[in-house]
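Please walk me through this chain, from its overall dimensions to one of its sheets and then to its aromatic rings. I would like the cut-off behind each term to be given along the way.

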Amino acid sequence: MKVETPLVKSLPAARRRAVSASPQSMVRAEPLSGESLLPLVVRPALGGVELASWAAGNREWLEARLREHGAILFRDFPIGGADAFEAVVTAISGAPMEYRERSSPRSRVGGQVYTSTDYPAEQSIFPHNEHSYAQTWPMKLFFYCETAAREGGETPLADCRRVYRRIDPQIRERFARAGWIYARNFGDGFGLPWRTVFQTDDRAAVEAYCIANDIEFEWKPGDRLRTRQRRAAAAAHPRTGEPVWFNHATFFHVSTLAPAVRDALLTQFTDEDLPNNSYYGDGQPIEPEVLEHLREAYLSEVVTFSWQQGDLVMLDNMLTAHARNPYVGRRRVLFAMSEPFNRQDLTQ
């Protein structure tokens, strides 16, 4: 059995060169390939290096490498399960965050560790930055490969600094003036129910959350809900100052869905009643040629690697977008996020 063509092909093998070492010389670090800084691969240089303990003592080194590369792949460390994974997350960046204002199905494994998106194996997931539609998002994401798929299932990464530079300046300017809108409809039989998204049965609690997080809301007949949130499409990274393309406008637009899914939804729903869709921030539709240009900008920058059991990847969520390729066989990748950052604290 074969899956559909992945989002990207693996980068060709390249001769590796060491670029740095930890202050204690207990690890070695090298780029994944000679063609991209993304991601940096960190391995133990000695036997018995315990990642959580080592990381706790080397946060500044890791932070500097993360800002440069956008993602770090920890490989060959004896992590060994969800609890140890959460311990690494905590050692690097404090207690992980709860998954709130949900946009995709995940299952809680324990604590604040979740499965990665529970979509069918044959589906691809387009590159995106976690919670870029929200008022508060995580600055760091973590993925831990408990079981690698027999075929496929990679997590492609894309440098959002480079995505930004690829986008036509006139398109960037249009979004800079207007921003973008994320529109959602709950209760029509597609997508997550509002009770799952907001983790409550209380309408008043949903309304309070929406007001506090700058989300327009409208209750519709039949226990249905419509929300709209206007956000900026780009930002200056709060720690590096670099401009990054940071939004879900391409991801959530109906035209980015697989053709069969898109056509089925458009047959059943009007544009304003689609489960998810995106617009310019002034409410105008985003032109098809602009969306195609944006998709190409992301896909031209993705790099990928094959998961190995025990791999752990840390992303700077603003510098690096992530995706998923379809797969065959059992795959179990765990997910956690940390370091909440509020949109109001951006300098632009």
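The accessible surface of the chain comes to about 15100 Å², and 48% of this area belongs to carbon and sulfur atoms; such areas come from the Shrake-Rupley method with a 1.4 Å probe, and for residues only the protein chains shown count as cover. The model is a predicted one, in which local features need pLDDT of at least 70 and side-chain atom pairs count only at pLDDT 80 or more, whereas totals for chains, interfaces and linings use all residues. Residues are numbered from 1 along each chain as its sequence is written, and side-chain values use heavy atoms, with hydrogens and water left out.

Of the 348 residues of the chain, 54% count as buried, where buried means under 20% relative accessible area, exposed means over 50%, and partly exposed lies in between (1.4 Å probe, protein chains only). For 348 residues a compact globule would have a radius of gyration near 20 Å, and the chain, with 20 Å, agrees with this; the radius is taken over C-alpha atoms, and the globule rule is 2.2 Å times the number of residues to the power 0.38.

The chain has 10 helices and 21 strands, which are DSSP runs numbered from the N terminus (helices H or I, at least four residues; strands E, at least two). Four of the strands form an open antiparallel sheet in the order 7-19-10-17, two strands being paired if DSSP finds at least two bridges between them. Strand 7 (125–128) and strand 17 (302–303) stand at the edges with a single partner strand each, so one side of each is left without a neighbour in the sheet. Strand 10 (residues 157–159) is joined to strand 17 by 2 bridges, and Ala158 has Val302 as its bridge partner in strand 17.

Turning to the aromatic rings, those of Phe, Tyr and Trp (its six-membered ring) pair if their centres lie within 6.5 Å, and planes under 30 degrees apart count as stacked, over 60 as edge-to-face and the rest as tilted. By this rule the count comes to 20 aromatic pairs. Among them, Phe74 and Phe77 are edge-to-face, at 6.2 Å centre to centre with 70° between the planes; Phe74 is buried at 0% relative accessibility, and Phe77 is buried with a relative accessible area of 5%. Phe190 and Phe269 also form an edge-to-face pair, at 5.6 Å centre to centre with 85° between the planes. This pair links distant parts of the chain, 79 residues apart.
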